[in-house]
Amino acid sequence: MQRIHVNPARSKGTINKNIYGHFSEHLGRCVYQGLFVGKDSKIPNVNGMRTDVVEALKAIKAPVLRWPGGCFADEYHWEDGIGPQENRKRMVNTNWGGVVEDNSFGTHEFLELCEQIGCEPYINANLGSGTVREMAEWVEYLNSDGDSTVVQRRWANGRKDAWNVKYWGVGNESWGCGGNMRPEYYADEYKRYQTFCRQYGDNKLFKIACGPNSGDYKWTDTMMRMAGKHMDALTLHYYTVPHTWEKKGSATEFTLEDYLVTLHKAAYMDTLVTRHTAIMDRYDPKGKVGLIVDEWGGWYDVEPGTNPGFLYQQNTMRDAMIAAITLDIFNHHCDRVIMANLAQTVNVLQSVILTEGDKMVLTPTYHVFDLYKAHQDAREVDCFVEAEMTECSFGSNEEHKELPTKLAMLTASASEKDGVITLTAANLNPDTAKDVQVLIAGKKPGKVTARILQGEMNQYNDFDSAPLCVEAFADFEVTDDGLVLHLPACCVVEVSIHE
């Protein structure tokens, strides 16, 4: 029998709610048609924001939303997106699909969206093609109450009070689409730009530096050595790509081998976080600089017949497994990981919501975020898994040398808040049910309730049929030292254990 050992006496600290954050880029139908339809749309909205999407994000307690990119951030000029919409500058989105960007969704609209959701805004500012002055004045426009010309523009555009935006990213993927910079060059540019992002009033900016792509440990080392004392956090980007960047594979039509390879690659996140954390620890032993994984998720070939620049893909139970594996990893590393942002919120990559006209559907990944939401701001609880392992060979390719060749077919994490232990777990076996013994050190469970998401590995929700949803789960027994879960194949569960 597989086992999960839970020890409430041991903890790495609080699981920051922002680990359950999201990412919205001006890419495909994420913003336009996804989050924003405009005030004149027949689709129900409040000030242009889709009501159904906003309510869905509120239901999973979305804590933070990153915007406007992504690669788009380093060609976005904020002044193009303020003022009367008919006067806003039109541009061609050269990063994503070559479509016209009319800037009808800009700063005021984004912050209106965050207010409706009840989440914190995380703004990624333009270092790649922008200027120090441009970034500094954006901070001033949003956060200052002073009677300056910049602030007077905000007043004229209908907002008297400052928004006091806390989270600021200084450039995005500066090693690639954000400027193709060397780490030494970016470190100097980062220090220069952040210097002029001023504090206004009591609002202390949380300054976020562009971190590495996947396993680029030199980037992390250089940034921590040259600029560590000037940042509050460093980012990390990693996508789970089943095959190669040139041919990633279908989101829905995949084999058992494809499924297992994908999950092994998702588990690589643990190696990345562990090794980048070890570098950060050398320069920052007290953990003052957080690690933010502000782009993660599965990335496949686009759905047939869709614009390849829109990155629209379906979302199966395989994606639910990626989410469970990854969120458990972040929970286990809550002493350094302080935020994460799934890519992306609606209609792009591993999204939690899909829309088509006035229709909306919740993906399996959405339901995993629902099952895991009790972990937000809870005390992490030590959780160790004993489970059968699968093996996977990736060959001798240099880029694959760190990938885990063995993977436990059970993943889990736990937390405690208000006297309730929340255990989340996933049976990664695609076709085999498993009994799992949960052993809780020093505590006998009282009332136990549970919820489950289950389905076949290729199964997904679409606009005509959405069979995958969270349901009550009662197939377990409470024992003197814990409980026994009878988990069906390919499932994710949330177990609430009361004293």
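This is a predicted model: local features need pLDDT of at least 70, side-chain atom pairs count only at pLDDT 80 or more; totals for chains, interfaces and linings use all residues.
Colleague: What makes helix α9 (residues 364–372) count as largely enclosed by the rest of the structure?

Modeller: In α9, Pro 364, Thr 365, Tyr 366, His 367, Val 368, Phe 369, Asp 370, Leu 371 and Tyr 372 are buried. Buried means under 20% relative accessible area, exposed over 50%, and partly exposed in between, with a 1.4 Å probe and protein chains only. Nine of the nine residues fall in the buried class, so α9 is largely enclosed by the rest of the structure. Residues are numbered from 1 along each chain as its sequence is written, and side-chain values use heavy atoms, with hydrogens and water left out.

Colleague: Why is the pair of Tyr 32 and Phe 36 called edge-to-face?

Modeller: Rings of Phe, Tyr and Trp (its six-membered ring) pair if their centres lie within 6.5 Å; planes under 30 degrees apart count as stacked, over 60 as edge-to-face and the rest as tilted. By this rule the count comes to 21 aromatic pairs. For Tyr 32 and Phe 36 the centres are 6.1 Å apart and the planes stand at 70°, so the pair is edge-to-face. Phe 36 has a relative accessible area of 7% and is therefore buried.

Colleague: What makes Trp 296 and Phe 330 an edge-to-face pair?

Modeller: Their rings are 5.9 Å apart centre to centre, with 85° between the planes. The two residues belong to distant parts of the chain, 34 residues apart: Trp 296 is in strand β12 (residues 290–298) and Phe 330 in helix α8 (residues 317–332). Trp 296 has a relative accessible area of 1%, so this residue is buried. Phe 330, at 0% relative accessibility, is buried too.

Colleague: Which residues form one aromatic cluster?

Modeller: Tyr 32, Phe 36, Trp 67, Phe 72, Tyr 76, Trp 78, Phe 105, Phe 110, Trp 138, Tyr 141 and Trp 168 form that cluster.

Colleague: How do you know that the charged end of Arg 318 sits over the ring of Phe 254?

Modeller: A charge sits over a ring if NZ of Lys or CZ of Arg is within 6 Å of the ring centre and within 35 degrees of the ring normal. The charged end of Arg 318 is 3.8 Å from the centre of the Phe 254 ring. Lys 160 also lies over a ring face, that of Trp 155, at 3.6 Å from the ring centre.

Colleague: How do you know that Cys 71 and Cys 177 form a disulfide?

Modeller: A disulfide is a pair of cysteine sulfur atoms within 2.5 Å. The sulfur atoms of Cys 71 and Cys 177 are 2.3 Å apart, and the structure holds one disulfide. The link is left-handed, with -90° about the S-S bond. Cys 71 is in the loop between β5 (64–67) and β6 (91–93), and Cys 177 is in the loop between β9 (167–170) and α5 (183–195), 106 residues apart. With a relative accessible area of 13%, Cys 71 is buried, whereas Cys 177, at 37%, is partly exposed.

Colleague: What lines the largest cavity?

Modeller: On a 1 Å grid over the protein atoms alone, a cavity is a set of points where a 1.4 Å probe fits but cannot get out, and a pocket is an open set with protein on both sides within 12 Å along at least five of seven lines; lining residues have an atom within 4 Å of a point. Points are joined across faces, edges and corners, and a volume is the space filled by probe spheres set on them. The largest cavity, of about 50 Å³, is lined by Glu 416, Gly 419, Ile 421, Ile 440, Lys 443, Lys 444, Pro 445, Ile 497, His 498 and Glu 499.

How values were computed. Helices (H or I, at least four residues) and strands (E, at least two) are DSSP runs, numbered from the N terminus.
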